[in-house]
Amino acid sequence: MTSHIKMDERVERDRLAEMVQAVIGKPLDRPEGALKVSGAAPYAMDRLPANACHGVLVRATVSNGTLRDMDVDAVQALPGIRAIIADDRLLRNPAQGMAGEAPIQGPKDIAYFGQPIALVVAETFEQARHGAQALKLRFEADGTAIVAPDDPKADIETPEDEQDSTGDLDAAMQTARHTVDAHYTTPGHVSAAMEPHASIAEWNGDRLTLYGSYQMLRFNRAELADALGIEEKQVRILAPYVGGGFGSKLGIGPEAVAAALAAKALGVPVAVAMSRQQVFESVMRRSETDQHIRLAADEQGRLIGIGHEALVSNLPGEEFSEPVTQATPFLYQGDHRVIGHRIARVHRTCAGSVRAPGEAVGLTALEIALDELAAASGIDPVKLRLINIPQKDPSQDIPFSSHMLAEALEEGAKRFDWDRRRSEPGAVRDGEWLIGMGMASAARVNMLIESKARVTLNANGTGTVETDMTDIGTGTYTVLSQIAGEMLGLPMDSVETLLGDTAYPPASGSGGSFGAASNGTAVLLACEEIRQQLCERLDCDMQGLTLKDGHAIVGNRRIALPEILDGSRLVGEGHVEPGKAEETVRQATYGSYFAEVAVNAITGETRLRRMLGVFAAGRILNPKTARSQCLGGMTFGIGMALTEELIHDPRDGHIVNRDFAEYHLPVNADVPQIDVVLLDERDAWANPLQAKGIGELGICGAAASIVNAIYNATGIRIRDLPATLDKIIDGLQSRTD
Amino acid sequence: MSEGRYLRPQRLDEAVDALKGGGWNLVAGGTDHYPARVVEQRPEDILDLTGLTDLRGIGEFPDHFRIGALTRWTDLIEAPLPGWFDGLKQAAREVGGVQIQNRGTIAGNLCNASPAADGVPALLSLDASVELASAGGVRILPLADFILGNRKTARRPHELMTAILTPKPARPARARFLKLGARRYLVISIVMVAGLLEVEEGRVAGARLAVGSCSAGAQRLPALEAALTGQPADAGLAMLATPEHLAGLSPIDDIRADAGYRRDAALILVRRCLADLGGLR
Ligand SMILES: Cc1cc2nc3c(=O)[nH]c(=O)nc-3n(C[C@H](O)[C@H](O)[C@H](O)COP(=O)(O)OP(=O)(O)OC[C@H]3O[C@@H](n4cnc5c(N)ncnc54)[C@H](O)[C@@H]3O)c2cc1C
């Protein structure tokens with residue numbers, strides 16, 4: 001039996017609060033943690049069958065043109081080579097998140113440098129790699145490829161439904177007492193998940209099994225089936241362990257389709273793992289952005305106008321474009337508003353979702369602009385934000401579901417000793433180092449995605465959760481077990497959660513911060529169904545049933561679950577769908593960041609000294625896994641602020657720094673003590689768990705707090721991220737000249 | 001298409017004998033060798049040096065130390081050595097991360113001759129020489145004459161490096177190494193500076209400074225060294241360094257930094273290094 005809910009309205013009852021097992025909200029360890037740190041958790045390539053062949057992808061070395069010819073014979077003659085797959089079904093680039101259908105296919109039309117155009121398959125990995133490198137290709141290059149969004153010849157789209165304007169911002173800018181009018185740029189970023197993309201495909205007749213590294217299996221299954229031209233039911237995908245995703249594993253990728261095609265052609269399992277360089281080139285990047293922000297405020301700093309116009313890029317034919325302005329319509333008040341969104345079509349690698357698409361870069365720029373307004377108006381940055389929090393969503397004129405930005409700002413300021421900050425830049429010095437503090441708001445839209453789960457109460461009184469949901473390192477195994485344990489009154493070691501297999505009920509998948517809340521709701525509903533069945537057996541009503549430590553307590557009776565089950569098992573399914581609640585109220589998560597930096601007055605290096613994040617995301621299901629998400633997000637923010645930048649060759653757009661030696665993620669020595677505070681909140685509009693997404697909130701604006709601290713330390717305003725030492729030294733020198 | 005040969009001699013005479021024919025690519029820790037082959041591998045003849053275990057280790061002699069060619073960075077960090085090795089030890093700790101230091105050799109760093117090799121300025125400041133062996137015998141070259149440019153050395157195809165020799169300073173000496181990169185650690189240098197001061201009766205009796213990543217190969221700063229000699233050994237040494245002293249450098253623009261920044265930062269690092277060295281007791 002299935003228990004179903006469509007989120008059309010508030011859910012008044014707080015089901016978890018009525019439970020007594022007391023595992024929800026506890027900072028519990030991951031049950032699979034020991035497997036992971038001991039190397040015992042099987043990731044995709046760990047499933048290698050003994051008889052598997054290996055495939056290595058061949059890449060295009062022009063950025064726009066046609067593949068005319070390849071010297072297949074010479075490579076086929078090499079030792080160990082089994083096949084060269086150049087099938088028309090090969091993917092140009094990965095599917096976008098939640099596409100549910102194949103992306104553009106066909107290896108002959110080249111759209112970017114690095115595009116996979118063939119797969120060389122051999123008995124060993126080394127033979128395949130050798131063959132892939134030896135394969136001679138003949139391209140007909142189209143010399144006119146536009147590879148940079150600021151190329152004057154770039155084709156720029158201005159989608160009508162993504163422009164918005166109310167009031168008269170130009171007039172507001174004229175009359176406002178304080179204004180900011182500036183351009184901000186952020187470079188391309190990559191997800192840099194630890195586990196490179198890999199797939200092993202194996203056919204049994206016309207049925208395909210794929211071991212992969214993916215975030216959203218129900219969509220991936222549809223995408224893979226569509227790409228291959230077969231039925232969804234012929235495809236099974238397994239991804240029980242995923243070594244990080246951050247958006248890069250949302251949609252089916254070229255390696256999966258290539259492995260499936262090769263395995264079919266050869267009649268043996270085929271494994272395709274990407275090298276780190278291939279991950280950089282043929283997986284999604286976050287688009288670079290150019291953001292024009294205008295702020296108009298009155299004497300007291302109250303915003304009367306906000307303009308946020310963004311230019312992003314993507315390949316021709318891709319629907320996704322970085323939703324830079326996503327949080328701008330509702331974060332601050334202001335009657336006069338302009339939202340602009342333009343997309344340059346360029347021959348760079350495909351742009352897609354990287355952790356918190358939109359807010360990660362969009363809020364960062366907006367929050368730097370707010371700091372500029374604070375400086376211009378002489379109003380404290382925390383206060384400036386507090387006085388501009390709207391009472392309701394100012395763009396849609398609907399209420400907020402819950403809203404804790406003010407608490408996050410105040411709590412953060414208090415804990416960080418913000419009142420010790422000197423507002424004039426460059427006022428605090430420690431030897432060669434200039435010290436400064438900065439802050440920013442955090443916000444991220446909250447989403448609910450259709451999701452299903454099955455829970456079984458086994459005859460021995462243990463529980464099993466099954467769903468094709470993934471745990472990409474986030475703690476899904478843990479929180480789903482906690483929800484089931486709480487609802488069924490089972491201790492944690494009596495609940496097993498099974499994930500990452502399309503044989504289980506289809507879930508939301510991991511993405512957009514919605515996984516735990518969406519799929520957790522499905523688990524809660526499935527447990528409700530089981531509770532109902534238990535009531536029937538015990539002849540009591542739902543209110544009268546208490547489940548704790550493997551026992552049911554009804555009236556003055558306490559009965560062990562196996563006794564009630566009497567050799568049988570109970571199965572419940574849960575199904576949640578988004579509904580009208582999305583339009584009735586504005587749902588989002590909020591927070592604040594505070595950062596202290598030291599900037600070397602002589603070399604311009606920035607050293608982050610301490611950082612604090614305060615976040616409200618509804619009910620916190622597990623403070624340990626939630627905190628880890630925030631730490632990870634803020635570390636992404638450090639990279640965005642200081643070091644991370646994709647560099648493209650201006651001639652052909654190829655990524656120059658396609659490894660971790662030159663794409664500078666922050667290393668441990670760059671990351672100081674980070675503190676995370678999670679505020680207590682419930683959001684009854686979000687879902688019956690009253691929990692909201694937390695996986696991305698920690699990056700949405702984090703970089704701005706650091707850039708703003710650099711300004712407070714030095715008086716140098718970096719608008720072109722990352723704030724590398726050479727940019728800062730330029731500012732330091734021009735100030736002393 | 002040839003598969004390539006592979007040889008792992010156990011004794012030096014076998015190694016130099018094999019090298020007579022030429023055409024071998026030598027591999028020690030492999031930490032420069034393999035990254036250069038990520039994108040493309042071609043068949044090649046590999047002479048694996050790791051069997052020459054006699055070449056690993058540091059020995060003390062009356063007037064010098066001998067660092068065997070297979071000595072790894074971690075060996076150096078852990079060895080009990082006099083204080084004037086501190087600069088080289090600081091460099092050792094900045095070569096990649098611990099895994100790299102556990103595999104990579106000092107000789108490999110020199111033979112690879114990257115402009116950004118952290119070992120080179122530190123060893124230049126120690127006035128090191130390198131020992132090259134071939135079937136014809138052994139020759140010793142000053143390090144400055146061994147590194148000819150970006151990935152160019154004076155090593156002949158039939159030679160292999162057997163040791164690095166560092167003379168003991170005539171007077172009490174102190175040494176430092178400073179590195180600047182785009183992040184705090186695990187990063188290829190934008191600029192690095194190594195310095196050694198010999199101090200007698202409170203004055204600089206001898207100075208050797210070298211700057212890396214600002215030229216095709218790391219450079220000593222002879223004019224500055226001369227200007228320092230005879231000066232009181234205190235933190236005030238820093239201000240004796242001028243842009244003119246760095247005129248011999250020829251930094252380039254690349255994705256890590258531009259030439260102008262490198263030139264500025266080099267001067268600052270030289271000054272920091274001198275302030276540090278002068279301030280030491
Ligand atoms: C992740 C990473 C980070 C790194 N970070 C740094 C860094 O911060 N700073 C830095 O300076 N370097 C760095 N390196 C480069 C490298 O680790 C060092 O240069 C190391 O010292 C090389 O030693 P090896 O023994 O591994 O050399 P190998 O790779 O074995 O050899 C390097 C070269 O030297 C030659 N060679 C080696 N031994 C001999 C010999 N006895 N006689 C003649 N020729 C020889 C080889 O033929 C080859 O051309 C890094 C490398 C990696 C992979």
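Tutor: Buried area is the accessible area (1.4 Å probe) that two parts lose on being put together, summed over both. This is a predicted model, where local features need pLDDT of at least 70, side-chain atom pairs count only at pLDDT 80 or more, and totals for chains, interfaces and linings use all residues. Residues are numbered from 1 along each chain as its sequence is written, chains are lettered from A in the order in which they are written, and side-chain values use heavy atoms, without hydrogens and water.

Student: What is the area buried between domain 1 of chain B and domain 2 of chain B?

Tutor: About 1900 Å², with carbon and sulfur atoms giving 59%. On the side of domain 1 of chain B, Glu94(B), Pro121(B) and Ser125(B) supply 27% of the area buried against domain 2, more than any other three residues.

Student: Where do the domain bounds of chain B lie?

Tutor: Domain 1 is 6-49 + 56-167 and domain 2 is 173-279; such bounds come from an automatic or database domain assignment. Their centres, taken over C-alpha atoms, are 24 Å apart. The contact (heavy atoms within 4.5 Å) takes 23 residues from domain 1 of chain B and 23 residues from domain 2 of chain B.

Student: Why is the pair Arg220(B) and Asp127(B) called a salt bridge?

Tutor: The term requires a side-chain nitrogen of Lys or Arg within 4 Å of a carboxyl oxygen of Asp or Glu. Arg220(B) and Asp127(B) have an N to O distance of 3.8 Å, so the pair qualifies.

Student: How many salt bridges does the rule find across the interface of the two domains of chain B?

Tutor: Two.
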